[in-house]
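Here are a few exercises to work through with the structure on screen. Try each one yourself before you read the solution.

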Amino acid sequence: MSDLQSLQERIRAAAAARQPLRIRGGGSKDFYGGRLEGELLEVRALSGITHCEPTELVISARAGTPLAELARELATHQQMLAFEPSHFGGRATLGGTVASGLSGPRRAYCGALRDFVLGVEIIDGRGELLRFGGRVIKNVAGFDVSRLMAGSLGTLGLLTEITLKTVPCPRAQCTLRFEMDQPAALESMTRWATRPLPISATAWHEGMLSVRLSGAESAVRAAHEALGGELVAAADAYWEEVTEQRLEFFAATRELWRVSLPAHSPALPVAGPAFMEWGGSLRWLQGPLDGSALRALAARFGGHATLYRTPVRPPEGTFQSLSAAMLMVHKRLKAAFDPIRILNRGRLHPDL
Amino acid sequence: MIALQRIFAQHADKVSCGDVDDGAEGLVPGELIERLRRTLPAGAVLSRPEELKPYECDALTLYRQMPLAVALPADEAQVIAVLHLCYQAKVPVIARGAGTGLSGGATPRPDAVLLSLARLNRIIGLDPLARTARVQPGVRNLAISEAAAPHGLYYAPDPSSQIACTIGGNVAENSGGVHCLKYGLTVHNLLALRVVTIEGEVLEIGSAAPDSPGYDLLALLTGSEGLLGVVTEVTVRLIPKPQCARVVLAAFDELTKAGKAVADVIGAGIIPAGLEMMDRPTIAAVEPFVHAGYPLEAEAILLCESDGAPAEVEEEILRIESVMRGAGATECRVSRDEGERLRFWAGRKAAFPAMGALSPDYYCMDGSIPRKRLAAVLQAIRQLEGKYQLRCTNVFHAGDGNLHPLILFDSNIADEVARAEAFGSEILELCVREGGSITGEHGVGIEKINQMCVQFGAGELEAFHAVKRAFDEHGLLNPGKAVPTLHRCAEFGRLHVRGGKIPHPQLPRF
């Protein structure tokens, strides 16, 4: 029996026994999302790149493939994943990366993980093997179930294979640093974003704004001249520390909040240090904080707050609540793919 | 015209045998129209044949059908009211924007209310610093870029119908355009939607923030062809206008070389702003129209655009030229100024109208394939021209692998419509065999519903129906479009059953 067939059998048996299953790739994001419930279903063995076509800007791999392996393969073709996902200390798998839907520093300038998902193969909660999307850039046949899987935290199906669009590595790159307080940094990032500049990442913390430029050599040079700032040596290491959250800011806290806001939102009136990315649209805050007050504040600005990392998961879940009408649609979609609710029950929302 | 009528008559029974829930008792049509009239302002409900006539088809004019009535709400509350009445009466609803869709997504049916969003045409707000625009669904695609222009911003997706097509329709079809290789499809340029479900619930999907809690319903709704909900508001992302753009025109004496050049450009790490191909018959047809100076002896020409800062464009253009020459281009011209750039593009833009001079009718297909298979698929299409005794010209988004074969026919000649349709179907099935899709950007609608049975297996189609039911239990929104019933696939003889088993064999299907 193939790996896929045995996974299908396992899910069918679990569905028959109404036994919840907890899907796990590298286990690097066990900390993330709602409660972990059910028998462990390991996917790591389902590994390997199945299709790589540099001239098509497409790569397919089984869900358990380490992200690092994918990155190495792409690097040999001078390509990369545009959304710059975290490798979570090297343990992250492709499946877990797509299921979590988390993107890295380039997200605000080049697109989110979901933007690059072209196709998926999944096993749904009945044990059916299903394929959606494909390996071409343009494909509007059928509902976009592939992108729906991004960020669904394994609650709609077990991802078994994923096809992503890749991008060429930039020909030139440099990072500039500016001393600025938070309002000035927000103001600058907002202003720059309205101009055609080759910015590929921004990060602000403790009065220092870092801006990465990526693209054609001439474009990077021209933008550097236009923006000024101090050129940073060994900047790749810095951005890796941002992506992997290895900076002191992230190590110093046990409870970490992730606040997602519309562009051009002001500094939040929240005590304690903040770390900003994505032109100011992503704010990391150190806890403990009053969660409901923070969520109300984020909602007031048109965003939402996630209790990203916490020693104790609250029963109401770690994500901002959904409206009654949205929750109804979520429940029906969950039922469409996983009617007995065996896959990652409670991971995305207590009721799903 | 006679042939068209016959096709329509053939199709009419298919149109009316959709998957509407028959169990619910409803109002008789006359009563529903009366109640719509009482609910909406004067002039917002059309039901006389001469009023309905302009709505009998969208841009897929092969299929014509009169709707039961046309409702023209002016705001979201009126949209909700229409949906509420139709839901109560269990009468299907078909949303329509400008009617420029090429796949029959807005083709009416005689038992359904056509819900025109044309009067929801206000730009609600434009925030140049947040780079967003909030608009109603009936706002034209180009109007958004026009409103953003004073701020140096624009809305990137530019379907060829952008002067007329509405953003609501773009969302429904996940429309593309000439620039989506670099700037993405509609789905990549949306931030939020307000959607009314058939039950009249308002869903706020996505937000101006980079992400939202819960499932990515924004992705699911985009391209859902009016089957899941009615969009009443769209928030789009605006991006800064590039400082300049230049285009390389490269000529090739063999299709294979042009196809290889496309793969080579991408393989060299270049993401052009646009990369389009025109074959010899197209070049010959458009040149007398636009006098662009196209090389008439070429088998194919590529138009490859670079945009950005002037120095960056200069750098990229040199690289594009060198790749084109390396792939065997017989000639390379670079636009020297904006006038020349527009002239190079003029032929591409005039391609469809120019076909009107070659042939009384044409049928525009929309398949996508892996780029490296371009040359092989174009050769195969040439062979099919012989089989069907019809000409087919090719002008398309080569950089995306998105073909738009134009099958030329004359509907006054007996059986040419049927041959054109069969030719088109064979091209789409060829695309699927090559690892591509039956639709790159036009949508499935009514046109490609049978080919869905070729691209997807029974399990996937069943999953699509389950998604549909999650939003619209009774199948009232745009029934019979986009996703075929398994019954229909079985009739079409193409139910693709994986592993010899259909899912849930206990359910009655056939």
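Two strands pair if DSSP finds at least two bridges between them. Helices (H or I, at least four residues) and strands (E, at least two) are DSSP runs, numbered from the N terminus. This is a predicted model, where local features need pLDDT of at least 70, side-chain atom pairs count only at pLDDT 80 or more, and totals for chains, interfaces and linings use all residues. Residues are numbered from 1 along each chain as its sequence is written, while chains are lettered from A and ligands numbered from 1 in the order in which they are written.

**Exercise 1.** Find out how E16(B) and E20(B) are joined.

Solution. Start with strand E20 (residues 405-409) of chain B: four bridges join E16(B) to E20(B), and the two run antiparallel. Now pick one bridge: Tyr362(B) has Leu408(B) as its partner in E20(B).

**Exercise 2.** Describe the side of chain B that touches chain A.

Solution. First, count: the contact (C-beta atoms, placed from the backbone, within 7 Å) takes 78 residues from chain B and 68 residues from chain A. Then look for the largest share on chain B's side: H16(B) gives nine residues. Finally, sort chain B's side by class: 36 residues are nonpolar (Ala, Val, Leu, Ile, Met, Phe, Trp, Tyr, Cys and Pro), 16 charged (Asp, Glu, Lys and Arg) and 26 polar (the others, Gly among them).

Definitions and conventions: Two residues are in contact if their C-beta atoms, placed from the backbone, lie within 7 Å.
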